[in-house]
Amino acid sequence: MEIIRIDSLVTAFIRPVEGVNAGLIHTPEGMILVDTTSSPAEIKALFTAVGANLEEVRLVINTHFHSDNTWGTQ
């Protein structure tokens, strides 16, 4: 998965071939996570890679129900 910092407030997690793309948006109230990847371990690893803390997530947006977008919600 490629990690792209759009700016200081937005990070994109891009899977170039197939699978989920996810996003992390920093707000004054906490973070918004867009799609949660296919496993809790993967989303935790991505948060660690960017120095973010899962406990700061205030809102999760799953764009649709496919497992590669939602299983990390656990």
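Predicted model: local features only at pLDDT ≥ 70, side-chain atom pairs only at ≥ 80, totals over all residues.
## Basis of the model

Local features require pLDDT of at least 70 and side-chain atom pairs count only at pLDDT 80 or more, whereas totals for chains, interfaces and linings use all residues. Residues are numbered from 1 along each chain as its sequence is written, and side-chain values use heavy atoms, with hydrogens and water left out.

## Nonpolar core

The largest nonpolar core holds eleven residues: F13, A22, L24, M31, L33, I43, L46, F47, V50, A52 and V57. Such a core is a set of buried Ala, Val, Leu, Ile, Met, Phe, Trp, Tyr and Cys residues joined through side-chain atoms within 4.5 Å. Buried denotes under 20% relative accessible area, exposed over 50%, and partly exposed in between (1.4 Å probe, protein chains only). In soluble globular proteins, nonpolar side chains tend to be buried together.

Two or more core residues come from each of β3 (22-27), β4 (30-34) and α1 (40-50); α1 gives the largest share, four residues. Helices (H or I, at least four residues) and strands (E, at least two) are DSSP runs, numbered from the N terminus. Beyond its neighbours within four places in sequence, L46 is in contact (heavy atoms within 4.5 Å) with M1, I3, F13 and T37.

## Loop between β4 and α1

Most residues other than glycine have a negative phi. D35, in the loop between β4 and α1, has a positive phi near 65 degrees. D35 is buried, with a relative accessible area of 3%.

T37 is found in the loop between β4 and α1 and has a positive phi of about 65 degrees, although T37 is not a glycine. T37 is also buried, at 0% relative accessibility.
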